[in-house]
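Have the viewer open as you read.

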Amino acid sequence: MRIIEKLKSIARHITTEIYALAYAIKDDKTTWYAKVLVICIIAYALSPIDLIPDFIPVIGYIDDLILLPLAIIFAVKLIPAELMAESRLNTQKNFQPNKISRYLTVIVILTIWLLTLALLIMCLGAFSK
């Protein structure tokens with residue numbers, strides 16, 4: 001029972017960090033590359049498509065358990081500490097999961113995947129010539 005509570009705590013912490021990163025990218029002090037990384041992290045966290053499919057035993061959860069937290073840690077290090085502290089406070093004050101629009105989430109994910117597909121097609125077209 002204790003392990004389950006620990007995992008739930010870690011999951012809540014990761015969720016809070018993702019929302020804090022979302023607040024941080026709105027600030028001008030955040031560099032453009034940190035903003036790009038955070039947008040990719042948020043899109044990946046919300047995306048139903050994984051780098052390693054979850055149906056593959058054990059290995060399927062590596063991206064969720066290792067890669068995503070490592071990417072979050074890296075993104076947090078790219079953002080000034082005082083800005084992250086302020087973003088975490090904003091998250092604690094304003095975090096209400098019911099306010100998030102599922103439609104907006106789906107639109108953002110589809111847009112990112114379509115842009116990625118278009119970029120891939122353009123790159124393949126450039127290599128074929």
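## H1 against H4

H1 and H4 end up roughly perpendicular to each other (the label for angles of 65 to 115 degrees; under 35 is roughly parallel, over 145 roughly antiparallel, and the rest oblique). The pair packs at an angle of about 115°, with axes 8 Å apart. Axes here are lines fitted to C-alpha atoms, for helices over the stretch in contact, and angles run from 0 to 180 degrees between N-to-C directions. H1 passes H4 in a right-handed crossing; right-handed means that the near helix is turned clockwise from the far one by less than a right angle, and left-handed means anticlockwise.

On the H1 side, the contact (heavy atoms within 4.5 Å) uses Thr16, Glu17, Tyr19, Ala20, Leu21, Tyr23 and Ala24, and these meet Leu83, Met84, Ser87, Arg88, Asn90, Thr91 and Asn94 in H4. Sorted by class, the residues of this H1 and H4 contact come out as 7 nonpolar, 5 polar and 2 charged. For the classes, Ala, Val, Leu, Ile, Met, Phe, Trp, Tyr, Cys and Pro count as nonpolar, Asp, Glu, Lys and Arg as charged, and the others, Gly among them, as polar.

## What sort of model this is

This is a predicted model, where local features need pLDDT of at least 70 and side-chain atom pairs count only at pLDDT 80 or more, while totals for chains, interfaces and linings use all residues. Residues are numbered from 1 along each chain as its sequence is written, and side-chain values use heavy atoms, with hydrogens and water left out.

## The whole chain

The chain has 5 helices and 0 strands, and its pattern along the sequence reads α-α-α-α-α. Helices (H or I, at least four residues) and strands (E, at least two) are DSSP runs, numbered from the N terminus.

Of the 129 residues in the chain, 23% are buried. Buried means under 20% relative accessible area, exposed means over 50%, and partly exposed is in between (1.4 Å probe, protein chains only). Take the contacts between residues at least 6 apart in sequence: 69% of them join residues at least 24 apart.

## H1 and its other neighbor

H1 covers residues 2-24, and H2 covers residues 32-46. Their axes come within 10 Å and cross at roughly 140°, so H1 and H2 are oblique to each other. H1 passes H2 in a left-handed crossing. Ile18, Leu21 and Ala22 in H1 meet Val38, Ile42 and Ala45 in H2. This contact of H1 with H2 has 6 nonpolar residues, no polar and no charged.

The expected span is 1.5 Å times one less than the number of residues. Buried in H1 are Ile14, Glu17, Ile18, Ala20, Leu21 and Ala24, and their cover includes H2, H3 (62-78) and H4 (81-94).

## H2 beside H3

H2 and H3 pack at an angle of about 155°, with their axes 10 Å apart. That makes H2 roughly antiparallel to H3. On the H2 side, the contact is made by Tyr33, Ala34, Leu37, Val38, Ile41, Tyr44 and Ala45; on the H3 side, by Asp63, Leu68, Ala71, Ile72, Phe74, Ala75 and Leu78. By class, the contact of H2 with H3 holds 13 nonpolar residues, no polar and 1 charged. H2 passes H3 in a left-handed crossing.

H3 has 17 residues and reaches 23 Å from its first C-alpha to its last, close to the 24 Å expected at 1.5 Å a residue. Its buried residues are Asp63, Leu68, Pro69, Ile72, Ala75 and Val76, and what covers them includes H1, H2 and H4.

Cys40 lies in H2 and counts as partly exposed, at 47% relative accessibility. Cys40 and Ile112 are 72 residues apart in sequence, and their C-alpha atoms are 8.7 Å apart in space.

Ala11 sits in H1 and is partly exposed too, with a relative accessible area of 41%.
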